[in-house]
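Here is a short report on one protein chain.

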Amino acid sequence: ERLAALGGPVPADATLVVVGAGSLSGLAVAHAGRLGVAALTVAGRTEAKAQRLAESYDATGAHLDDLPDLLADADVAVFCTGAVGTIVDLETVAAALERRPERPLVLVDLALPHDVAPEVGDLPGVIRIDLAALASLPATAGSEADVRGVGGDVRDQAERARSRFSIRRQTSGVRMSCMARSIMPPGQTIVFARDMKEARSIDRR
């Protein structure tokens with residue numbers, strides 16, 4: 001709707017890019033298929049994985065390195081990678097806009113942390129929508145379930161990430177304790193600081 005308000009195409013005439021090949025990307029691609037977009041591309045760090053997802057929905061697979069060209073052609077780009085930081089900065093989008101004068105671009109950032117730098121939304125002709133903005137939009141009967149599904153999937157991924165981090169910390173602590181016992185002289189032990197960065201040797205009483 002926002003794209004059409006800016007003079008952009010309706011979904012049946014729109015070119016859409018989904019960046020990422022995980023479960024969130026699958027939701028986005030499936031929704032795009034229901035909307036009947038004119039052209040759909042799935043881009044990922046592993047092109048083979050992106051291609052497998054694309055083939056399930058009669059779309060095209062691409063590598064993440066192709067993103068500058070894809071943004072120059074797209075009407076809407078949906079980002080949902082597992083990157084630890086932004087993958088699209090102001091300069092990348094500004095360069096893409098120069099190749100597509102008078103055409104608005106909608107960037108939907110479903111990633112946590114964000115895939116698209118927040119300042120990109122300040123560029124003329126660019127609409128950047130993140131999860132917070134998406135949740136504040138009035139939902140239609142059809143879109144409400146999709147928003148809930150995406151939100152639940154994000155929460156699930158965040159919980160899995162926290163669980164993996166906790167396991168890695170516990171495993172690291174066990175490894176360090178075992179190493180300490182193997183190298184310390186008899187009668188001494190190691191006391192580790194809470195943040196695992198400091199340790200001191202004390203006499204065992």
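## A buried valine

Valine 108 counts as buried because its relative accessibility is 15%, under the 20% cut-off. The residue belongs to strand β5, which covers residues 105-109. The model is a predicted one.

Which residues does valine 108 touch, leaving aside its neighbours within four places in sequence? The contacts are Val76, Ala77, Val78, Phe79 and Ile129. Phenylalanine 79 lies 29 residues away in sequence, yet its C-alpha is 6.1 Å from that of valine 108. In β6, isoleucine 129 stands opposite valine 108.

## The β5-β6 pair

Strands β5 and β6 are paired in the parallel sense, with five bridges.

Strand β6 spans residues 126-130, and five of its five residues are buried. In a regular strand, side chains alternate between the two faces of the sheet. Here both faces of β6 are covered. Val126, Arg128 and Asp130 are buried on one side, Ile127 and Ile129 on the other.

## The sheet as a whole

Six strands form an open sheet with parallel pairing. Their order is β3-β2-β1-β4-β5-β6. The edges are β3 (60-63) and β6, each pairing on one side only. From one strand to the next, the twist averages 20 degrees.

Helix α3, residues 47-55, lies across β2 (39-44) and β3. The helix runs at about 165 degrees to β3.

## Aspartate 75

Aspartate 75 sits in the loop between α4 (67-73) and β4 (76-79). Is this residue buried or exposed? Aspartate 75 counts as buried because its relative accessibility is 7%. Its side chain makes a polar contact with the side chain of arginine 103, at 3.0 Å.

## Confidence

The protein chain has a mean pLDDT of 77, and 63% of its residues reach 70 or more. Confidence is highest in α4, at 97. Strand β8 (residues 199-203) has the lowest, with a mean of 41.

Two stretches deserve a note. Residues 171-180 have pLDDT below 50, and this stretch has six contacts in the model beyond near neighbours in sequence. Residues 189-205 are also below 50, with 29 contacts counted in that way. Where pLDDT is low, predicted coordinates should not be read in detail.

Terms used: Residues are numbered from 1 along each chain as its sequence is written. This is a predicted model: local features need pLDDT of at least 70, side-chain atom pairs count only at pLDDT 80 or more; totals for chains, interfaces and linings use all residues. Side-chain values use heavy atoms; hydrogens and water are left out. Helices (H or I, at least four residues) and strands (E, at least two) are DSSP runs, numbered from the N terminus. Buried means under 20% relative accessible area, exposed over 50%, partly exposed in between (1.4 Å probe, protein chains only). A polar contact is a pair of N or O atoms within 3.5 Å; within protein, one must be able to donate a hydrogen and the other to accept it, and residues adjacent in sequence count only if both atoms are side-chain atoms. Contact means heavy atoms within 4.5 Å. Two strands pair if DSSP finds at least two bridges between them. pLDDT is the predictor's confidence in each residue, from 0 to 100. Axes are lines fitted to C-alpha atoms, for helices over the stretch in contact, and angles run from 0 to 180 degrees between N-to-C directions.
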